[in-house]
Amino acid sequence: MSVAIRLRRKGQKNRPFYRIVVADSRKRRDGRFIEMIGTYDPLKKGDDNSLIDLAKVDAWIGKGAKASETVASIIRKARLAQPKA
């Protein structure tokens with residue numbers, strides 16, 4: 001089974017809202033998913049338009065999941081915004 005980390009569209013007409021999910025790549029975009037790991041609101045201004053659990057992302061990528069281009073971009077931005085410890 002090939003697993004993808006991708007966006008799942010929610011919201012109303014002309015007001016999209018996305019959930020970042022881990023799903024079987026053969027399933028439909030808005031179909032069944034394995035786990036929800038974050039959210040993304042493209043209409044919200046600024047850098048705080050997404051919320052993602054980076055620990056879960058790392059775990060799924062470690063298991064072989066592949067992120068879509070958009071989700072990979074969101075992950076990169078989240079890692080840059082993460083405070084250095």
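This is a predicted model: local features need pLDDT of at least 70, side-chain atom pairs count only at pLDDT 80 or more; totals for chains, interfaces and linings use all residues.
Trainee: Is K56 buried, partly exposed or exposed?
Mentor: K56 lies in helix α1, and, leaving aside its neighbours within four places in sequence, K56 is in contact with E35, M36 and I37. Its relative accessibility is 33%, and a value between 20% and 50% falls in the middle class. K56 therefore counts as partly exposed.

Trainee: How far apart in space are K56 and M36, C-alpha to C-alpha?
Mentor: Along the chain, K56 and M36 are 20 residues apart in sequence, yet M36 is among the residues that K56 contacts. From C-alpha to C-alpha, the separation in space is 9.5 Å.

Trainee: Why can we say that the buried residues of α1 line one face of the helix, and within what arc do they fall?
Mentor: In helix α1, which covers residues 54–62, the buried residues are L54, V57 and W60. An α-helix has 3.6 residues a turn, so residues three or four places apart point the same way. Seen down the axis of α1, the buried residues line one face because they fall within an arc of 125°.

Trainee: Which residues are exposed on the other side of α1, and what do the buried ones pack against?
Mentor: On the other side of the helix, A55 and G62 are exposed. The buried residues of α1, by contrast, pack against β1, β2, β3, β4 and α2.

Trainee: Which residue caps the N-terminal end of α1?
Mentor: To find the cap, look for a side-chain oxygen that lies 3.2 Å from the backbone nitrogen of A55. At the other end, α1 is followed by G64, whose phi is positive, near 110°. The residue that caps the N-terminal end is D53.

Trainee: What is the phi of N14 near?
Mentor: N14 sits in the loop between β1 and β2, and N14 is exposed, with a relative accessible area of 69%. Most residues other than glycine have a negative phi. In N14, however, phi is positive, near 65°.

Trainee: With which side chain does the side chain of D41 make a polar contact?
Mentor: D41 lies in the loop between β3 and β4, and at 11% relative accessibility D41 counts as buried. Leaving aside its neighbours within four places in sequence, D41 is in contact with R15, P16, F17 and N49. The polar contact, at 3.1 Å, is with the side chain of R15.

Trainee: Which backbone nitrogen does the side chain of D30 reach?
Mentor: D30 is found in the loop between β2 and β3, where, at 33% relative accessibility, D30 counts as partly exposed. Not counting residues up to four places away in sequence, D30 touches R8 and R9. At 3.1 Å, the side chain of D30 reaches the backbone nitrogen of R9.

Trainee: Which element gives the largest share of the lining of the largest pocket?
Mentor: The largest pocket has a volume of about 290 Å³, and of the 14 residues that line it, the closest to its centre are D47, N49, S50, K77 and A78. The elements that give two or more residues to this lining are β4 and α2, and the lining residues divide into 6 nonpolar, 5 polar and 3 charged. The largest share, 7 residues, comes from α2.

Terms used
Residues are numbered from 1 along each chain as its sequence is written. Side-chain values use heavy atoms; hydrogens and water are left out. On a 1 Å grid over the protein atoms alone, a cavity is a set of points where a 1.4 Å probe fits but cannot get out, and a pocket is an open set with protein on both sides within 12 Å along at least five of seven lines; lining residues have an atom within 4 Å of a point. Grid points are joined across faces, edges and corners, and a volume is the space filled by probe spheres set on the points. Helices (H or I, at least four residues) and strands (E, at least two) are DSSP runs, numbered from the N terminus. Ala, Val, Leu, Ile, Met, Phe, Trp, Tyr, Cys and Pro count as nonpolar, Asp, Glu, Lys and Arg as charged, and the others, Gly among them, as polar. Buried means under 20% relative accessible area, exposed over 50%, partly exposed in between (1.4 Å probe, protein chains only). A polar contact is a pair of N or O atoms within 3.5 Å; within protein, one must be able to donate a hydrogen and the other to accept it, and residues adjacent in sequence count only if both atoms are side-chain atoms. Contact means heavy atoms within 4.5 Å. The arc is that of the directions from the helix axis to the C-beta atoms.
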